[in-house]
Amino acid sequence: MSARRSPEVAIVGGGITGLSAVHRLMELGCEREAVPKVTLFDAAKRLGGVIGTMNRDGFLMEEGPDSLITEKPWALELIERLGMGDKIVGTQEKHRRSFIVRKGRLYPTPEGFHLMAPARIWPLVTTPLMSPLGKLRVGLDLILPRRKGDSDETLGQFVQRRLGREAYEAMAQPMISAIYGGDPMRISLLATFPRFREMERRHGSLVLAMWLAARKSTAAGKAGGRASGARYGMFASLSGGLQELTDELARRLPDSCARTGVSIESVLRTRGGRWTVTWDGGKADFDGVILALPAPRAVEVLRPLDDDLARRLSFIRYGTSATVGVAYRQEDVDHHLDGFGFVVPAREGLTMLGCTFAHRKYAGRVPDGYVMLRAFHGDRSDPLSDDDLVEATRRDLGRLLGITSKPLLTHVTRYHESLPQYGLGHLDLVDEIDQRMTGYRGLVLAGNAYRGIGVPDCVRSGENAAAAIMDAVAT
Ligand SMILES: Cc1cc2nc3c(=O)[nH]c(=O)nc-3n(C[C@H](O)[C@H](O)[C@H](O)COP(=O)(O)OP(=O)(O)OC[C@H]3O[C@@H](n4cnc5c(N)ncnc54)[C@H](O)[C@@H]3O)c2cc1C
């Protein structure tokens, strides 16, 4: 490379991971006085990936992610650095509770029940969501021995082992499925919620550990009020929806950086140690490449380079999901909808996995006098047409909330292979992939396939990839 030429870097994938990577490359380039020439490729016409906010007739509806978990700071820090801190909004405190469906009815999630375990005993004792025997079985957690060894197990196995099958089926399963869109019996504990294993290891009991943690947090004045439930805890968004973040990142891209509507087919090493990126009808060479793609897409792009690497990546399973937004006039809905939404246990046999009361979760998203609900569907949505999916959503809402009116507005968004479901041994698999990647200087993988599926995780992943590429192309 000539001493005077700026390093050339390609980012493949313009979701939040790729956009964060470009932004960080620019920041680091300025700091180091060596701004790279960046090209961002995305197969879609619009940048942002699964992040999208519909804004129609006064209704603001998130199509994909709707919240940032605040205990993971990376997305919020990026928003602050972009000068958008004043747009961050919290959830509406007065409606901060959630529901779980049992036999076709909604019951409040027991206060203090966090994702898969209770931090408070009394709300669990009094909840109609479980039978007396099921509750006694939860209590056994206090005396059951710790698991020996540190091997992985699934979230489902873990909860059933500690708290029993009923607590799993009635509460933990629907909460976890509403996050991952998949079956907790196939999702790795260590790759998703290692802190629960750590709680067991340290305290011998999940219930005791949760109780101690809640007490500590209350003492520290950090208790989250009446917040409970998987998707309804300590969350934040942007006043105009999360697409404001990706739009701002896209707006700041250097001139002629974005190549949208270009699907990358392969990334191959040149004799001189650079990287050739190929697409239908074109190719170009770069000093560094960040692949910010979901694993199934990375598999396709990397297979020509390294079949073994592609094979390992193909073990990272992705689920298919869909969201269906519906809006009604307030007077057409009898239910109070006083919460952020509900989750549906698989044994209820409904189509949807859960539903957000979107007009309650964040303020100012619907005109006065209207309600807006967003149903979240998993793999079961795959064979259904959009019309059938809306119909299934209406049927479920009719059964659960008694809504019979036709919605004033419907909005369906589908996500094919977009949400990873980290399987057993995922962390070992990612270590193997990392190991394999050490042989490819200047090529970095980033995104939700590896160490976290949330938007904040993706921001961190993209930013780390940018730092790694800067180091690689600088030497
Ligand atoms: C319905 C849903 C709800 C969610 N809810 C939340 C939530 O509330 N909070 C949260 O933190 N997270 C949530 N997530 C997870 C989070 O949104 C995603 O993990 C994250 O946005 C993924 O970003 P990404 O950039 O890695 O991937 P993506 O957004 O999938 O972007 C990948 C990009 O790569 C492009 N691409 C694909 N193949 C090629 C190719 N060959 N060449 C060029 N470009 C290509 C695509 O067009 C796309 O733009 C949710 C996800 C979904 C699907």
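Strands here are DSSP runs of E with at least two residues, helices are runs of H or I with at least four, and both are numbered from the N terminus. Two strands count as paired if DSSP finds at least two bridges between them.

Before going on, please note that this is a predicted model, in which local features need pLDDT of at least 70 and side-chain atom pairs count only at pLDDT 80 or more, while totals for chains, interfaces and linings use all residues. Residues are numbered from 1 along each chain as its sequence is written, and side-chain values use heavy atoms, leaving out hydrogens and water.

**The antiparallel sheet**

Strand β14 (residues 275–279) pairs with β15 in the antiparallel sense over 5 bridges.

**The parallel sheet**

Another open sheet has 5 strands in the order β12-β2-β1-β16-β22, with parallel pairing. At its edges stand β12 (258–260) and β22 (443–445), each with a single partner strand, so one side of each is left without a neighbour in the sheet. Here the twist averages 15 degrees from one strand to the next. β2 and β12 run parallel and are joined by 3 bridges; L40 has A258 of β12 as its bridge partner.

**Around the ligand**

What surrounds the ligand? A shell of 32 residues does, and the closest are T17, D42, S67, I453 and V455; a residue belongs if one of its heavy atoms lies within 4 Å. β2 (37–42) returns here: along with α1 (16–31), β21 (409–420) and α16 (455–474), it supplies at least two residues of the shell. α16 gives the most, with 3 residues. Domain 1 (8–43 + 261–316 + 424–474) and domain 2 (53–92 + 318–420) both contribute to the shell, so the ligand lies between them; the bounds come from an automatic or database domain assignment.

The table lists polar contacts, meaning pairs of N or O atoms within 3.5 Å.

| Residue (backbone N or O atom) | Ligand atom | Distance |
|---|---|---|
| V50 | oxygen | 2.9 Å |
| I264 | nitrogen | 2.9 Å |
| V455 | oxygen | 2.7 Å |

Taken alone, the ligand exposes 1,000 Å², and the protein buries 91% of that, using accessible areas from the Shrake-Rupley method with a 1.4 Å probe.

Note on methods. A polar contact is a pair of N or O atoms within 3.5 Å; within protein, one must be able to donate a hydrogen and the other to accept it, and residues adjacent in sequence count only if both atoms are side-chain atoms. Axes are lines fitted to C-alpha atoms, for helices over the stretch in contact, and angles run from 0 to 180 degrees between N-to-C directions.
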